Amino acid sequence: VQLQASGGGLVQAGGSLRLSCAASGRTFSNYAMGWFRQAPGKEREFVAAISGSGGSTYFPNFVKGRFSISRDNAKNTVYLQIDSLKPEDTAVYYCAAGELATVNLYEYEYWGQGTQVTVSS
């Protein structure tokens, strides 16, 4: 599976962004999808995941209410909507595909190249 993330950019605090991750190569709906982020000097952290069907979603507590994840299996694309952006959301955001929707980044087999999100105060 090849993954291409896009949609990042520079946005003011309080704004919103929708990140996209387009997949190709294999049957998209067979894969759970996750989003992770990595800020400079920090470890990569989980921010959202969705099952292959889209019926189940998962978020860490610190993003609940601000982040949402969805997928369009007909378009082979997963989305991450981020609202009420904060400066601490600044990071490179990565999408990943795996067998299970999990918080564990090591369980994802395929990774996109990342898209930069920068939030100004």
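## A buried cysteine

Cys21 is buried, at a relative accessible area of 0%. Buried here means under 20% relative accessible area, exposed means over 50%, and partly exposed lies in between (1.4 Å probe, protein chains only). The model is predicted: local features need pLDDT of at least 70, side-chain atom pairs count only at pLDDT 80 or more, and totals for chains, interfaces and linings use all residues. Residues are numbered from 1 along each chain as its sequence is written, and side-chain values use heavy atoms, with hydrogens and water left out.

## The disulfide

Which residue does a disulfide join to Cys21? The partner is Cys95, with an S to S distance of 2.1 Å. A disulfide is a pair of cysteine sulfur atoms within 2.5 Å, and by this rule the count comes to one. The link of Cys21 and Cys95 is right-handed, with 65° about the S-S bond.

Cys21 sits in strand β3 (residues 17-24) and Cys95 in strand β9 (residues 91-98), so the bond ties together parts 74 residues apart in sequence. Cys95 is buried too, with a relative accessible area of 0%.

Arg66 is found in the loop between β6 (57-58) and β7 (67-72). Is Arg66 buried or exposed? Arg66 is buried, with a relative accessible area of 11%.

The side chain of Arg66 makes a polar contact with the side chain of Asp89, at 2.7 Å. A polar atom of the Arg66 side chain also lies 3.1 Å from the backbone oxygen of Ser84. A polar contact is a pair of N or O atoms within 3.5 Å; within protein, one must be able to donate a hydrogen and the other to accept it, and residues adjacent in sequence count only if both atoms are side-chain atoms.

Contact means heavy atoms within 4.5 Å. Leaving aside neighbours within four places in sequence, Arg66 is in contact with Gln81, Ile82, Asp83, Ser84, Leu85, Lys86 and Asp89.

## The whole chain

The protein chain has eleven strands and zero helices. Helices (H or I, at least four residues) and strands (E, at least two) are DSSP runs, numbered from the N terminus.

The C-alpha trace spans about 40 × 25 × 25 Å along its principal axes. Of the 121 residues, 45% count as buried. Among contacts with a separation of 6 or more, 55% come from residues 24 or more positions apart. The chain exposes about 6100 Å², and carbon and sulfur atoms supply 45% of it. These areas come from the Shrake-Rupley method with a 1.4 Å probe; for residues, only the protein chains shown count as cover.
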